[in-house]
Amino acid sequence: MEHIVTSNPYFGVFVLFVITFGAFTATTVIARLASRALAAKDSEKIKLSVYECGPEVTKQPNRISPQFYLFALLFLLFDVEIIFMFPWAVDFKLLGWFGFAEMLMFILLLTIGFIYAWKKGALEWHNIK
């Protein structure tokens with residue numbers, strides 16, 4: 001009979017992870033099966049037909065430019081990337097030259113992305129008409 005090694009301090013965390021994953025999966029499966037078994041199965045055609053009410057749908061005359069969304073997305077991208085620099089700054093002395101080189105590569109990749117977005121015209125503000 002083999003002996004399971006449980007001397008690792010993270011063994012308990014792993015066991016809890018496996019139990020939690022199993023419980024989550026079981027709960028999901030049971031909820032799905034119960035909802036399918038208990039759901040009303042009325043299949044009248046009138047209930048399944050499309051129902052529309054209200055004013056007639058028309059195209060909006062003042063469309064919002066996709067430039068707003070692109071600009072917001074670029075802001076979020078670069079803002080989140082800057083947040084990743086704070087843990088690096090906290091452990092700057094501990095990381096040494098290796099951490100410094102990693103951060104230089106990170107900043108280089110950010111700069112390349114910024115220049116690419118700039119060249120593609122993603123940062124130019126267009127008038128909405």
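## Overall make-up

The protein exposes about 12500 Å², and carbon and sulfur atoms supply 71% of that area. The model is a predicted one. It contains five helices and zero strands, so the order of elements from the N terminus on is α-α-α-α-α.

Of the 129 residues in the protein, 8% are buried. Among contacts with a separation of 6 or more, 63% are between residues 24 or more positions apart.

F14, V15, F17, V18 and I19 make a nonpolar surface patch of about 490 Å². One of these residues, V18, lies in helix 1, which covers residues 11-38. V18 counts as partly exposed because its relative accessibility is 44%, a value between the 20% limit for buried and the 50% limit for exposed.

## Helix 5: a kinked helix

Helix 5 runs over residues 92-119, and its end C-alpha atoms are only 33 Å apart. A straight helix of 28 residues would span 40 Å at 1.5 Å a residue. Where is the kink in helix 5 centred? The kink is centred on F98 and amounts to about 75°.

Just after helix 5, G121 takes a positive phi of about 85°.

## Helix 5: buried residues

Which residues of helix 5 are buried? They are G99, M103, L110 and A117. An α-helix has 3.6 residues a turn, so residues three or four places apart point the same way. The buried residues of helix 5 pack against helix 3 (66-83) and helix 4 (85-90).

Key
Residues are numbered from 1 along each chain as its sequence is written. This is a predicted model: local features need pLDDT of at least 70, side-chain atom pairs count only at pLDDT 80 or more; totals for chains, interfaces and linings use all residues. Side-chain values use heavy atoms; hydrogens and water are left out. Helices (H or I, at least four residues) and strands (E, at least two) are DSSP runs, numbered from the N terminus. The expected span of a helix is 1.5 Å times one less than its number of residues. The bend at a residue is the angle between axes fitted to the seven residues ending there and the seven starting there. Buried means under 20% relative accessible area, exposed over 50%, partly exposed in between (1.4 Å probe, protein chains only). Contact means heavy atoms within 4.5 Å. Patches are made of residues with over 30% relative accessible area and no salt bridge: like charges are joined within 9 Å, nonpolar side chains (Val, Leu, Ile, Met, Phe, Trp, Tyr) within 5 Å. Accessible areas come from the Shrake-Rupley method with a 1.4 Å probe; for residues, only the protein chains shown count as cover. A salt bridge is a side-chain nitrogen of Lys or Arg within 4 Å of a carboxyl oxygen of Asp or Glu.
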